[in-house]
Amino acid sequence: MVKYLYGAAVQGIQSFIFKTNELRDIAGASELVENICTDGFEELLKSKTGYSGKGSDGAVEKVIGAAGNVKYVFSNRDDCTRIVREFPKKVMQEAPGVTISQAVVRYDNDAEFGKAVQMLEDKLREERNHPAASVTAGLLGMERSRKTGLPAVEKEDADYVDASTIAKHNANNTRKLCAKSFFGNKNVPLSDGRVAYDIGGITGKNDWIAIIHADGNGLGQIVKKIGKKKDAYREFSRKLDEATIASAMEAYQQVTAGSKWEYDGRIPIRPVVLGGDDMTVIIRGDIAISYAEAYLKAFEKNTGLKLDKILAENNVFDNSRTYLTACAGVAFVKSSFPFFYAYDLAEELCSEAKVKSGRKRSCLMFHKVQDSFITSYRDIVSRELTLESRNDNAPTSLQYGPYYIAASPESYLTIEGLMEKTRKLDEQEGVRTGLRQWLTLLKEGSGRGAQHLKRLKKFNHDKKGAPELIDALTSIRHDKDDRAVAAGDCLTLYTILYQETKSEEEKA
């Protein structure tokens with residue numbers, strides 16, 4: 001029996017979400033993207049094909065319906081044609097500024113499903129190179145939004161507002177993505193008072209926030225093995241989505257346990273993307289590493305609980321592992337820093353963690369942006385994290401990550417190990433000052449770093465815990481061509497976790 005595999009993918013999700021630095025608009029854009037490929041698509045199916053919404057009702061079968069990604073199987077060519085014609089229109093009307101790629105592959109029986117999936121992915125990649133005409137471009141003489149540069153359609157107070165921003169404002173009221181991220185259920189009521197609509201509702205004792213982006217390891221290769229069978233592929237996609245949602249919920253519960261995690265009654269986390277194997281949040285700086293660690297641990301646990309049978313039956317891993325791993329990038333920025341560039345950095349850090357860990361273990365990389373010079377992470381490493389070495393006994397790099405959730409490779413640290421050393425730094429003011437001076441001398445390349453370190457050890461030799469801490473943070477890890485030390489990362493994290501730059505009035 002002839003069937004039609006339909007696929008759609010949202011293009012430019014990040015540029016649509018982070019087009020503005022207004023948190024309420026970012027949150028609204030996230031809700032729109034979340035709805036487009038889930039509830040929104042199913043509403044269209046029900047109205048055009050009579051689809052029951054039960055996953056499979058004979059004429060239409062759901063394969064994937066997650067944020068930014070849709071795959072359905074149609075038995076009726078006319079039903080498939082109507083969706084191809086109507087879905088882009090629905091997207092452009094409900095989320096102006098979002099564009100999608102669509103493709104359809106015909107196949108004759110379920111034995112050809114795996115080949116059809118691969119052909120569909122190839123077609124979708126090709127389709128991305130043929131972008132649809134923008135519905136938000138407007139004419140040259142039109143009044144435009146001062147924040148986005150897009151044609152204005154309404155005026156709010158003294159501001160001109162474009163259609164895309166209005167749609168984001170309206171979607172922001174749903175809060176389904178927040179409820180799903182915090183409670184694992186998009187239908188849980190969440191009051192206005194608990195959700196931050198302004199970035200000031202997320203910052204705490206200082207002005208540092210973080211964007212965390214986490215992504216599963218090697219998913220493309222996993223899908224190639226599982227995607228040959230339609231039922232297995234559908235079950236894998238559904239359970240992976242469930243595992244990701246459950247992991248975000250567990251991370252939220254862990255970092256919000258107790259009474260010291262909030263300042264003004266608002267949740268200091270705003271989810272941006274949650275679906276498939278992707279998770280992106282904007283979060284208060286001092287809880288970002290703890291949240292990322294909790295998420296990565298929960299992701300391994302939940303994929304093991306939900307996917308173990310599918311992974312084993314399809315011989316996905318050569319060894320006995322029956323769970324997925326993931327990596328995360330954490331970009332620390334001031335709340336006024338452009339979110340678009342902060343997200344790009346978080347994504348680059350995530351990719352760097354994947355490369356350094358061989359895409360096999362769960363770990364994270366982080367970086368704190370301390371200037372306004374916007375560049376790639378590779379350039380940051382070259383400009384800020386690479387030291388001039390005058391002899392083989394001096395370090396050459398401050399890039400000490402990635403940091404692992406469990407037993408780390410030799411000379412690398414776990415996330416808990418990093419946090420523990422940072423906590424010890426808080427108790428050793430003299431050590432902190434001395435290490436900062438040592439790093440400054442190393443960056444200058446003056447050759448005085450070794451002398452300073454020797455004096456630092458001498459002055460602190462009788463202080464409890466100080467000699468061991470200094471040795472741990474200044475010991476050189478020899479890894480390929482790099483000779484890295486952990487002092488820079490620990491000092492950076494200390495400023496995020498412990499420094500207070502706001503008064504009590506400003507916190508409130």
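**Ground rules.** I number residues from 1 along each chain as its sequence is written, and side-chain values use heavy atoms, with hydrogens and water left out. Because the model is predicted, local features need pLDDT of at least 70 and side-chain atom pairs count only at pLDDT 80 or more, while totals for chains, interfaces and linings use all residues.

**Sheet.** I took helices (H or I, at least four residues) and strands (E, at least two) as DSSP runs, numbered from the N terminus. Strands count as paired if DSSP finds at least two bridges between them. I looked up the strand order and found an open sheet of six strands, β8-β9-β7-β10-β11-β12, with mixed pairing. The edges are β8 (269-275) and β12 (403-404); each has a single partner strand, so one side of each lacks a neighbour in the sheet. Helix α9 (residues 230-255) packs on the sheet and touches β8 and β9 (278-284); contact means heavy atoms within 4.5 Å. The direction of α9 makes about 165° with that of β8. I then checked β11 (residues 363-368), which runs antiparallel to β12 and is joined to β12 by two bridges. L364 has Y403 in β12 as its bridge partner.

**Helix pair.** I fitted axes as lines to C-alpha atoms, for helices over the stretch in contact, with angles from 0 to 180 degrees between N-to-C directions. The axes of α2 (residues 23-36) and α6 (residues 163-171) come within 7 Å and cross at roughly 80°. That makes the two helices roughly perpendicular, a term for angles of 65 to 115 degrees. On the α2 side the contact includes R24 and L32, and on the α6 side K168 and H169.

**Salt bridges.** A salt bridge here is a side-chain nitrogen of Lys or Arg within 4 Å of a carboxyl oxygen of Asp or Glu. I found 31 in the structure. K176 bridges D39 with the closest N and O atoms 3.4 Å apart; K176 sits in α7 (residues 176-183) and D39 in α3 (residues 39-49), 137 residues apart. K186 also bridges D39, at 2.7 Å between the closest N and O atoms.

For burial I used relative accessible area: buried is under 20%, exposed over 50%, partly exposed in between (1.4 Å probe, protein chains only). D39 is partly exposed at 21%.

My last entry is D110 with K230, whose closest N and O atoms are 3.4 Å apart. D110 is partly exposed at 40%, whereas K230 is buried at 6%. Shared partners join K3, E61, D110, K230, D231 and R234 into one salt-bridge network.

Methods: Angles under 35 degrees count as roughly parallel, over 145 as roughly antiparallel, 65 to 115 as roughly perpendicular and the rest as oblique.
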